[in-house]
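Hi everyone, thanks for letting me have a few minutes today. Please bring the model up on your screens, and we will walk through it together.

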Amino acid sequence: MNDAEKKMKLPLFDDYWIDFRRDTVRRWFTPEYVSLAPAGPYSSLIYDPEVKKYRFYYENVRKWARDGERDLYLAESEDMKTFTAVKTNGSDVLYDGVSGLHGLSVMLDAYEKDPSRRYKMAGMFDVENKTNAGKHDWLGVEIAFSADGIHWERHPELIANPQTSDALNKLMYNPIDEEYTLFHRSAFVDRRISVRTSKDLKNWTEPRIILSPGATYDNEGSGMQHYSMTAGYFDGIFYGLLWRYNTCLYNEDYSRMFGYMEPELVYSYDGKEFLYTTGKALMERPLPPAPGCVGLAPDDMCVSADGKDYYIVCFGYQVVHGTQESNAKLNAALDAHQIQRGNPVYKIRKDGFCGIESVGMGGLVVTKGICLLADDLTFNIRANAGSARFGIMDISGSYVEGFELDNCVPFEYDDSVCVRPQWKGHSLTEVLDRQVRVVVELNSAILHCIEGSAQPFIRQRQRSFSHPEGIPAEVKEPENWRIM
């Protein structure tokens, strides 16, 4: 079990890891609008601690009448409100992919040991030449590398997906399995979420469908499809932002080319199997003519420089998704009316998509059995107008001596994404490597997340929250372990 697999992050989207809660409600939160980044589809958002700036990569469509051929642009920001273009050789074009590119994602690989491959890119390159040669259905997704995120080296021999993936090709590193994942389309215009994985970026697994619109989407004849998905590892859990593509089954558009996008939150403990949340749009589309009024397509999400928030960038559709002909006509009309373009940027508290809120005073949350592996247990809590207390129980529901709520130092009239519990005269090291329950008392407060190094230990100790295999364990209880 590596360090990443030891991580436990419980964002409390459901009650599976909770055994008991009283006087509480689950509350969902919406990211707030921040700014407009430069306009461009298939963008990537990264904070690079070496340059101390956010980097916003995006594609620029050369001609809407041939919108498959694009160039890569880069803008930088220190505050995610103002953006400055990065030029190379006096040009706004950062990289042209030989003859145009499409469906790119850029990642800053914190796990890469080779400095020349610190930045990685996945997408379709040499688009114009391949299309003119009649290979439109077989463009393929390739990998490129960069040391600085500005100067790129294409590697056409590294084929992540041999077929056209005409959507966002999101490359992500999974530190639990120590492999790369490509979220993509496995076939031209098959709008479901497929993945391929690789340990070395050379040899890739066969594609596997992980998300496909099910019966819950079968309403109002929307012909719901999953257009794309961006995803990433966020220090213990994988968050995904799904593009819900709404069409109309009453329109005899047999390729379903016309529709609008909405973002939906999904999540995973292992980076392989993703779970839906509310089934509702994470952010509501703004009113016309604001960017995103006809579709919010979430391209990427990154942690803020101070570690307190997540930034989300979306492509802001102002014309309905359609054909090259309709795109050219409608975008020309936007330009003629001088309507502002841009990619909407949103912000939400770290792990703040959801929270368990007390109904007044004395709300209580008790987890299922877990085994704490290190003294790093933290809580993400809003208690600006109230307080929270913490406790440790044994598996039978009795408080461990010294870890009662009354012996806890309250966290009160404050707000933090990283609250470390404290007990008078006792340390969390006393209860490590044992079967316990974590208790949170909420008094006019909201619990967003429980985080630390731990294993599930419901009846049998399990390998990790990402790997459900049971492992043998002997639990020896010291004297005074249970309070009688």
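Predicted model: local features only at pLDDT ≥ 70, side-chain atom pairs only at ≥ 80, totals over all residues.

Most residues other than glycine have a negative phi. With a relative accessibility of 44%, E178 counts as partly exposed.

Now let's zoom out to the whole chain. The protein has three helices and 30 strands. Its radius of gyration is 24 Å, close to the 23 Å that the globule rule gives for 484 residues, so the protein is as compact as a globular protein of that length. Along the principal axes, the C-alpha trace spans about 80 × 45 × 45 Å. Of the 484 residues, 57% count as buried. Looking at contacts with a separation of 6 or more, 65% are between residues 24 or more positions apart.

The accessible surface comes to about 20,800 Å², and carbon and sulfur atoms hold 49% of that. There are 54 positive and 70 negative side chains, and the centres of these two sets lie 1 Å apart.

Let's go inside. The largest nonpolar core has 54 residues, and those with the most contacts inside it are Y239, I312, F353, F379, I381, F390 and I392. Which strand gives the most to this core? That is β27, residues 378-394, with six residues.

T197 lies in strand β15, residues 193-198. Leaving aside neighbours within four places in sequence, T197 is in contact with E179, Y180, T181, N203, W204 and T205.

Now compare that with Y413, which is found in strand β28. Y413 counts as exposed, because its relative accessibility is 61% and exposed means over 50%. Y413 also has a positive phi, of about 50°, although it is not a glycine.

There is one more backbone feature to look for. Most peptide bonds are trans. Where P288 and P289 join, though, the peptide bond is cis, with omega at about 5°. You can find P289 in the loop between β20, residues 275-276, and β21, residues 295-303.

Last stop: K424, in the loop between β28, residues 411-419, and β29, residues 435-443. Setting aside neighbours within four places in sequence, K424 is in contact with D406, N407 and V409. How many Å separate K424 and K130 in space, C-alpha to C-alpha? The distance is 69 Å, and the two are 294 residues apart in sequence.

That's my tour, and I'm happy to go back to any part of it.

Terms used. Residues numbered from 1 in each chain as written. Heavy atoms only, no water. Helix = DSSP H or I, 4+ residues; strand = E, 2+ residues; numbered from the N terminus. Rg over C-alpha atoms; globule rule 2.2 N^0.38 Å. Buried < 20%, exposed > 50% of the residue type's maximum accessible area, 1.4 Å probe, protein only. Contact = heavy atoms within 4.5 Å. Areas by Shrake-Rupley, 256 points an atom, 1.4 Å probe, with all protein chains shown as cover. Lys, Arg positive; Asp, Glu negative; His and termini not counted. Charge placed at Lys NZ, Arg CZ, Asp CG, Glu CD. Core = buried A, V, L, I, M, F, W, Y, C linked by side-chain atoms within 4.5 Å.
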